[in-house]
Amino acid sequence: MADLCHFSPKSDMSASENLAEFVRMCRNDLTVFGADLDWEATAWPEAANFTKLGAKSRGFLASDRMDDAFIDFAKAYFRYQQGHNPTGTKNESKALRVIEAALLQATGSADVAGLDFAVLDEAAVFARGHYSPMAAYHCGRELQRLASFVSEKHLIPSDLSTWKSPIKKPSDFTIRTGAKAKAIQEKKLPSQDALDALAEIFANDPTDPKDIFTSSTFAMTMGAPSRISEILDLPDDCEVEELDKDGILQYGWRFYSAKGYEGDIKWIPEVMVPVAKEAVRRIRALTDESRRLAAWVEKHPTTFYRHKNCPKVPDDQPLTAEQAAQALGLTSLSNTGLSSAEGVHTLNSLWKYVMTRQPEGFPWLNEEKKIKYSNALFCMSRNLIGDQRGTSPVILWAPTNNIFNYDLGPRKSLKGNHQSIFDRHGYKTSDGHRLKLTSHQARHLLNTLANRGGLSEEDLAKWAGRADPKQNRVYNQMSEWEMVAKAEALDTSLTLFGPKGEVSQHVPVTTQEINLMERGAIHVSLWGVCSHDFIMAPCEKFRDCLNCEEHVCIKGLGKDNAERLTRIKLRLTQVEKDYAEAQAAIEQGYAGADRWHEHHQTTVERLRQLVEILESPQIPDGAQIKLRDGKDFSHLRRVIRLKAVEALERKAPDATLLADMSRLLGGGHG
C-alpha cells in the first residue's frame, strides 16, 4: 500500500515556504502511483497528463506541458489528493488545467501564489466553456475543494475558503417530462426492430465466430442488468445453480461489479434461463481452444504450443519459410517483421517472437478481479472474430467494450466501409434505415422492466451491481404516465393528476331545467351563480367555477351581467396567455407542464364557447346558460361508477340500474 503523509502548515513560515515544503513532501515522501514514479514526466502512466487546457490526451506536444511555474504544485496537489481520496474520475486534473489557464489570463503568470477570487471566477468560466455541463459541474466542485485546501494549508497569501462554485448541476432528464424527456428515454432504450433482429439471428444458431460472439454476448446482457465490461470479464466457471428457500433451483452468474459492489451472483429470471445458458455454451465452445492455449503459455512459457497445424518437427530443428508461417498460423511471413529465408527459424525462436506479442499483463485478463486468460470465458486467439486475417493459433487476445459495440451499428467514421451484425444479415428499420444498438441500452431496458414489475430499489441495486440504490434513477426510463399509474396502483386513494377528459359539448340549458334542480341557497360568483347543494357535499371545484357543470351564467340583463361578461372576457385573455406558456413549458421539458396544458386547454375552450353564446344575438337576454360536459369530474361520480363496476362484475340484480347510472355520469371518467 502507498505511504500516506498528512501535510501540516507551519504558522511561522510564509505561504511560499509552506508551498515549497508541500511540494517537497509530495515529491519525495509520498509513494502514491509508485515509489519509482518519474516526477519530471509530463504524463504519469494510468494517472494523469500535466498538460494545458485543450491539449490532446494522446500525442500531445512538448509545448502542451503545463507552465514551469505551476506544474510542480499541480503534481503535488494531484498526488496528495489521489493518495488520500482516490477516485476514478480524477477531477483534480480538470480543476488544475482551468486554474492554470485563468492564472495566465488574469495575472500573466501561472504561479499559484496569484490565486484569488477573480482567478477562481475566471477558472469557472473556462470550465463552462471547455467541458460538458456535467463535467463542468464536477470541475467547479473540485475548484471549490482546491480553494479551501490551499487556504487551509496556508499555501497562498489569500484566504479563499469562502469561495463557492457558480456552476450549477445540470438538470437531470430522468425526472423531467414532456417531448424532450421522452426522446431521451427512447434513445436510452433499444429499438424493438433491433431487438427482434438480434433475437432472430441468435435463434438461427449462427456459425460465423463474429456472429456467435455478438449475438450471444447481447443475449447475456439481456439476462441481468450488467455493464458490458462485467460480461467480458466473466470467468469460464461463472455459472451457479442453487436451491432457494422454497427448494426451487435458481440459475445465475458470478460477477465482479465494476462500481464497488465486489463479487456477487446475479440471478437470471426464469424466463431468460434457457437463453442465458445457451449463450454461455456458445461462447464457451467458441473460446475453448484459446483457453487451452492460455493454460499452456502460463505453464510452459518457453515451449512452443503444438496446435493441430503445427509442423511435427523437433523444437530446435530449422524450419522452411512455409513451415514457419504454418507454425504461426499464417500463409506467409510477410508483414511480421520476420525473415522469409529458409532455415533461419526454429519453433524455439518463433516462440520467443510469439511471447513478445502476448497481451499486456498476461496471464491476467483482469488482475483486479483475479481473472486469468486461462479461466476467462471470453479468452480468444487473435483474429478469432476478425474479418481479414486468419485466426492465430498461438497469440492470445480478448475483446473489449468497443469491439462489441462496434458490431451493433454503423460506424460513421468509416464512411460506409463497416458492416454491423444487422448489415451482414440484411436487417433494417421499417423505414429502411440501418439498425443500431449499444450494450448499455440492454441495461437500461432491464432496469426499466424491473421498475415496472415493482422490484424494490435495494433489490434492483443488488441485481444490477450498484453500491448505492440512488444510482437506479439514471436507468429508470419509465414514462411519467407509468410512474403515476404505478403510484396509484400502490395506493388507490391517490389521484395524482386528477381525471383526464375533454370538453365534448357546450350547449345552453333551459330555465326549466335549472328550476327542476333540487338545490339550496344560490351562491353568486364573479361569473354567474352556483347551483351546488352544499348540504350534500362541499364544493369539489373550489375557485374553478368556469369548469363546473353546476355553474350558471345569465345573459345580458342589467349592468351587473354586462360587467360579468367583461370579467369573463378578461379571464379568457389571461387563460389564453397561460395556455401559451404551458405549451412553451412542454417544449422545454418542464415536469408537470403537460397537465397544466390540458387544464388550460379545457378552460380556454369552455370560455370561448361561453363568450360566443353570451354575445350571440340568437340567445335572448335573460337566458340562463350552463356549460355541460358529460365527462365532468367529481368524487361522487367516481364512487358511483366504482359501485356500478363492482355490481356488474358480481352480476347483481341491480346491475342494469347501476350501469345506466354509470353511463349517465360519464362512463370511464370519474
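**Exercise 1.** Find the ring that lies under the charged end of arginine 282.

Solution. This is a predicted model. Start at arginine 282 and follow its side chain to the charged end. That end sits over the ring of phenylalanine 202, 4.1 Å from the ring centre. Now go to lysine 372, which lies over the face of tryptophan 364. Here the distance to the ring centre is 5.2 Å.

**Exercise 2.** Classify the aromatic pair of tryptophan 44 and phenylalanine 50.

Solution. The structure has 18 aromatic pairs. In this one, the centres are 4.8 Å apart and the planes stand at 70°. Planes over 60 degrees apart count as edge-to-face, and the pair is edge-to-face. Tryptophan 44 and phenylalanine 50 are both buried.

**Exercise 3.** Work out which helices the pair of tyrosine 77 and phenylalanine 149 ties together.

Solution. First, the geometry: the ring centres of tyrosine 77 and phenylalanine 149 are 5.4 Å apart with planes at 70°, so this pair is edge-to-face. Next, place the residues. Tyrosine 77 is in helix α2 (residues 68–84) and phenylalanine 149 in helix α5 (residues 133–152), so the pair links parts 72 residues apart in sequence. Both residues are buried. They also belong to one aromatic cluster, whose members include Phe7, Phe22 and Phe70.

**Exercise 4.** Which residues of the largest nonpolar core touch the most other members?

Solution. The core has 52 residues. Phe70, Phe73, Leu96 and Leu115 touch the most other members. Then ask where the core comes from: α5 gives the largest share, nine residues. Another core, of 44 residues, lies apart from it and includes Leu232 and Phe422.

Technical notes:
Residues are numbered from 1 along each chain as its sequence is written. This is a predicted model: local features need pLDDT of at least 70, side-chain atom pairs count only at pLDDT 80 or more; totals for chains, interfaces and linings use all residues. Side-chain values use heavy atoms; hydrogens and water are left out. Rings of Phe, Tyr and Trp (its six-membered ring) pair if their centres lie within 6.5 Å; planes under 30 degrees apart count as stacked, over 60 as edge-to-face and the rest as tilted. Buried means under 20% relative accessible area, exposed over 50%, partly exposed in between (1.4 Å probe, protein chains only). Helices (H or I, at least four residues) and strands (E, at least two) are DSSP runs, numbered from the N terminus. A charge sits over a ring if NZ of Lys or CZ of Arg is within 6 Å of the ring centre and within 35 degrees of the ring normal. A nonpolar core is a set of buried Ala, Val, Leu, Ile, Met, Phe, Trp, Tyr and Cys residues joined through side-chain atoms within 4.5 Å.
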